[in-house]
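Visitor: I'd like to know where the labels come from. Could you walk me through them?

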Amino acid sequence: MPALAAFGAGLLAAVLLWSALFALRGDTDEEFDVAHLVRWEFAALANKWLFAAGEPLRDDPAPDEAIAAVGARAPGGAVEGRGRDPGGGPPRARPAAAAIREQGLSFPLSLPGALAVWPPLDIELTPSPHVLVISPRGEIRRQDERILQFDLSLDDLYRIEREAEERDGSIASFVAPTGGIAFYPAIVDARSYRGAVSTAAHEWVHHYLIFYPLGRAYFADADARTINETVASLVGWELRDAALERFGDPTASARPAAAPPAARAEGIDRNAVLRELRLEVDALLAEGRVAEAERRMEEVRLMLADHGFAIRRINQAYFAWYGTYAARADAVDPLGGQLRELRERAGSLARFLELVRGITTRAEVEALLASMDSTDSAGG
């Protein structure tokens, strides 16, 4: 087992380094800096082993009851307590891990039992931090970002953004909520059972990719980051659907099903409006009309609010953050459509990950699609 132990230590070191790059600086008490990260990692790992050691002595609820409890919410929307998710916690209930195994996605090692998924799927159910995103005002680009604490008030969000912009008038800032972060164990904010399974799978993809060029280039290149996040979204959604199809949602009978957020209201298509706005803003910024672009973003935000779509703030940093997830319905980046096409043509999820894990640029995505066209033509 020495080789396995060394490999596990390498996994933890790689993910800790990846995480630390995200949480490098701590200029204010609100930031989740390296000191916070180290304390969190020690606490999470200690909790994991104490939980495992005490399991024989506890009278735990039945698996379905334990999973259903994930959906219980405290006032204000926080999860009641912390725990280990059925995706990566006690071995008796692991729908996300089972979906990973069945799709043949695991890292190429033959391991027994709980280690059959490699890297091991391991998460902590806990409120997820915010991220302060910085973009230049003159273009939409993720220039900088810092992880913030999760327990920030609405006033805190506006104050942090205002202070960042007062320090540097050339930037736009946006404090974005997150559903999870790929620390190890990954943070997953379980606002619903369906969302928890999806986020657990999404963060596992980040852990998987860290062993390959696409994962290692995450912080070095904007294109690699967009490819990485889009791949994680596509794979995470598909794994979620596979897990729910096989195991169902044990919270469905415990609480009323929440209606999915509406995308249309009174003839307004929210996603189409945001796509059109993004293209309009890109054009205005390219012409140097920054003030006009900012005025237009606020006008559209207010119009959407009048139709029931409340968006706290729309600016360059807002688009820089959400634009990285090119598979979103409101995205304009062609990488979203290209990676969807790659997924369809790959046949299996395992083959899709094999194809994309070694690429880091838009040109490589286009070349991969072109090579598949050539193969299809030769075969046809």
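Visitor: What makes β2 and β3 a pair?

Guide: Strands count as paired if DSSP finds at least two bridges between them. Five bridges join β2 (residues 130-136) to β3, and the two run antiparallel, so they pair by that rule. Within this pairing, Val 131 sits opposite Ile 147 in β3. Bear in mind that this is a predicted model, where local features need pLDDT of at least 70, side-chain atom pairs count only at pLDDT 80 or more, and totals for chains, interfaces and linings use all residues. Numbering starts from 1 along each chain as its sequence is written, and side-chain values use heavy atoms, without hydrogens and water.

Visitor: Why do β3 and β4 stand at the edges?

Guide: The open sheet has three strands in the order β3-β2-β4, paired antiparallel. β3 (144-148) and β4 (171-176) each have a single partner strand, so one side of each lacks a neighbour in the sheet. Strands here are DSSP E runs of at least two residues, helices H or I runs of at least four, both numbered from the N terminus.

Visitor: What makes a group of residues a nonpolar core?

Guide: Its members are buried Ala, Val, Leu, Ile, Met, Phe, Trp, Tyr and Cys residues joined through side-chain atoms within 4.5 Å. Buried means under 20% relative accessible area, with exposed over 50% and partly exposed in between (1.4 Å probe, protein chains only). The largest such core has 52 residues, and Val 231 is among those with the most contacts inside it. Another core, of 31 residues, lies apart from it and includes Phe 183 and Leu 284.
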